[in-house]
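Please look over the sequence and the model below before reading on. The paragraphs after it are meant to be read alongside both.

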Amino acid sequence: MKLSELWLREWVNPALNVEQLAQKLSLAGLEVAAINPVAGSFSQVVVGQILAIAPHPDASRLQVCTVDIGSKEALTIVCGAKNPCVGLKVAVAQIGAHLPNDLLIKTAKLRGVVSQGMLCSSSELGLSETLAEAGILVLPEAAPIGKDLRDYLQLDDYCLDIHITPNRGDCLSVKGLARDVAAIARTPLTSPSIANVPAVIADKYAIKVESPEDCPHYCGRIIRHINQQAKTPLWLSERLRHSGLRTIHPVVDVGNYVMLELGQPLHAFDLAKLSGGIQVRRARADEEVTLLDGKKVILDKESLVIADKAQVQAIAGVMGAAHSAVSTTSKDIFLESAFFNPAIIAGRARQYGLNSDSAYRFERGVDPSLTLIALERATELLTEIVAGQAGPVVQIQHANTKIAPILFHLPHFQKLLGISLREEQMAAIFQALGISFVAVQAEVWQVTPPSWRFDLVLEVDLIEELARIHGYQHILPTLPNTRLEFLPQPETKLPLSRLRHLLIDKGYHETINYSFTAPKLQHLVAPQSSALNLLNPISSELAVMRSSLWPGLLNTLIYNQQRQQLNLRLFETGLCFQIAHGKLEQTDYLAAIASGNKLPEQWGVASTSLDFFSVKSDVEALIHLMGKSAAIEFVTGTHPALHPGQSSTLQHAGHVIGHFGALHPKLIVDLDLIGPIYLFELKTAAVTSRNLPRFNAFSKFPVVRRDISFWLSEKYAAQTILDKVHEKGGDWLNQAYLFDVYFSAEEKEKRSLALALYWQHPSRTLVDAEVDALVQKVIASLKQSFAIQLRD
């Protein structure tokens, strides 16, 4: 939110400069992100009046103006703008004036005529927006001649850009922010008096609220015969400009002014465009409306609308329809003010791809007590500016939800924050914030939040308010004064940090991604999972909870590859969310992604791309930490996101604990990635449980190795062969592994495997006869089970 500092100081004026004020606000949780001057740096610019205009004797595009600036003699100024006219009040830069961009005004002779100054445009003064047409800046007729322009337009002002957190919708106005400043700086708050405007005509417009739970309070009034020629006064347009808003139309500008001043959004309809009374209701299926920004939207049944008998005239709390917008031809208007339930407005603007100041406030919660007050304030300003005739206020009001009191135990403040405040200090802070309280017993207060504080629900919220206003900077750090005890760490539980360190040692970098992701990417990666949709997503690209860690890792990979970072290994741990049997399941996973080359570029080894078995070795290293290498199986499996011929399912005791493989070629194309890319994802609970370590003595006797090489059908997995070898190799078989694979053009449906087998006896030396017998037993079993053919 952007706001004028001088406007804020009209409500509360602490003895602080703008930097000190910004620091106080930021320390209280209202971060001031920027302090911007509302005008460029200039001096010696005053209000002047054009007394006479004559054509330049030697230039058809120039004019010679005689200008009164309140001095003894009028100035002669040569001007090239098209809009000067006699009697016009203008901004005059005198001789010696300094303008933005280091421009110094000097006496100059322009085509033979001496010019004693300069008539300035808004851009030349560094004003971002004004009501002026192209040309010199035109000032109101009431502008005092000779008045310093900075003083007249209050240009020694700053626009405060304040980042308001979602829970502090009450601070989205001068009034709300001033309340907090008054409490923080312990300065009196001055509120302008707002009088009820009496009706001068009897005209009323019918209002019907069909959805009272969504709109507990709706009021409006007719204002007839507004002056179509009226312009927004300079003081109001400048105040809006200083707060980051542009002027549109006097009626619209008054609505924006009241919204910034009090925090209550308003809307005005062209009464001539309405028919049959106002209806506040839910939208009907596929109802359409064209909005003020020209966008046409199709509404759903959950949207609250303001309609008349014929059509929808506004999406409630979001934006009005173009059909009934106030324009320069409007004679009569219907001015509305309403309180909408934040739940019905939340996310509605984003749903339709809209952005409005009204929705920004209503979805955070607007003070329900402001509805009628804001209407009266706007009526007061409109009758002053556009001279309309106001009718009586028509309002429909239903009972608002009662504010639940909170029990506040005074000792809990010190218990949670480690500092203490006296009762009178707490009472003063609550009173400054408009929070009422009554003592119900010793050191226990019953506290009732004000109507504008939707965020005060729990006792800890009250403690936060006390700490915030007292000042977080006054809470000094203290060393813990407690007895520390080490928690037992079972040896069967492998710390997650150990797995992280292993992957880091292998060149992986840990990432942390959002727990929500894009629905499209989620469906591409895990179409078999039921995604949990968010009710109020940050954006359409973060609209579902992740059911896998892969979408986040893929997004990170895309980001890096687009910046020429092609050799990348990333991992992440975190919760994934799935709907199973109608219930939400949350499961911890460890996942990784790898792309690029096996090794960094170097002279000693040729550059080769990552392959399936390189990344598989990383997965096996994780499994080895568990001490369950023999119990984890790599089973040929299919996953929608993985290459059908390069994917594997990891199983333990018949249960799937993860997936591993190459990213599907179609996904590589769809996501515009550079392959090959390998991924794995494992259930954290499965890889952090390990066998209890136990002692096993090493044999002192020599190891005997035998190699066997054979042909067999490609349909048999190497792991299946090794399992059979371990089964038939006997108790003395120490190790068996595959060390060579050979393919032949003559044996297209077969392949040759070479296995290394190691035997070792724990208490004696094995003789060749014993080992040969075991080898023959293994070979016989392999021939019987897999029809192998030994190679010569």
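The model is predicted, so local features need pLDDT of at least 70 and side-chain atom pairs count only at pLDDT 80 or more, while totals for chains, interfaces and linings use all residues. Residues are numbered from 1 along each chain as its sequence is written, and side-chain values use heavy atoms, with hydrogens and water left out.

Confidence is given as pLDDT, the predictor's value for each residue, from 0 to 100. The chain has a mean pLDDT of 92, with 99% of its residues at 70 or more. Within the chain, strand β34 (residues 632-636) has the lowest confidence, a mean of 84, and strand β22 (residues 333-339) the highest, 97. Helices (H or I, at least four residues) and strands (E, at least two) are DSSP runs, numbered from the N terminus.

An open sheet of 3 strands is ordered β1-β12-β2, and its pairing is antiparallel. Strands pair here if DSSP finds at least two bridges between them. Because β1 (2-4) and β2 (31-37) each have a single partner strand, they stand at the edges, and one side of each lacks a neighbour in the sheet. Neighbouring strands of this sheet are turned against each other by 25 degrees on average, direction ignored. β1 and β12 (residues 158-163) run antiparallel and are joined by 3 bridges. Opposite serine 4 stands cysteine 159 of β12.

Next come the helix pairs. Axes are lines fitted to C-alpha atoms, for helices over the stretch in contact, and angles run from 0 to 180 degrees between N-to-C directions. The axes of α5 (residues 234-242) and α6 (residues 250-262) come within 10 Å and cross at roughly 55 degrees. That makes α5 oblique to α6; angles under 35 degrees count as roughly parallel, over 145 as roughly antiparallel, 65 to 115 as roughly perpendicular and the rest as oblique. From α5, Trp235, Leu236, Arg239 and Leu240 make the contact, and from α6, Asp253, Val254, Asn256, Tyr257 and Leu260, where contact means heavy atoms within 4.5 Å.

Helix α20 (residues 718-728) packs on helix α21 (residues 768-786) at an angle of about 135 degrees, with the axes 9 Å apart. These two helices are therefore oblique to each other.

Glutamine 397 lies in strand β24 (residues 394-397). Leaving aside neighbours within four places in sequence, glutamine 397 is in contact with Pro216 and His217. Between glutamine 397 and alanine 316 there are 81 residues in sequence and 16 Å in space, C-alpha to C-alpha.
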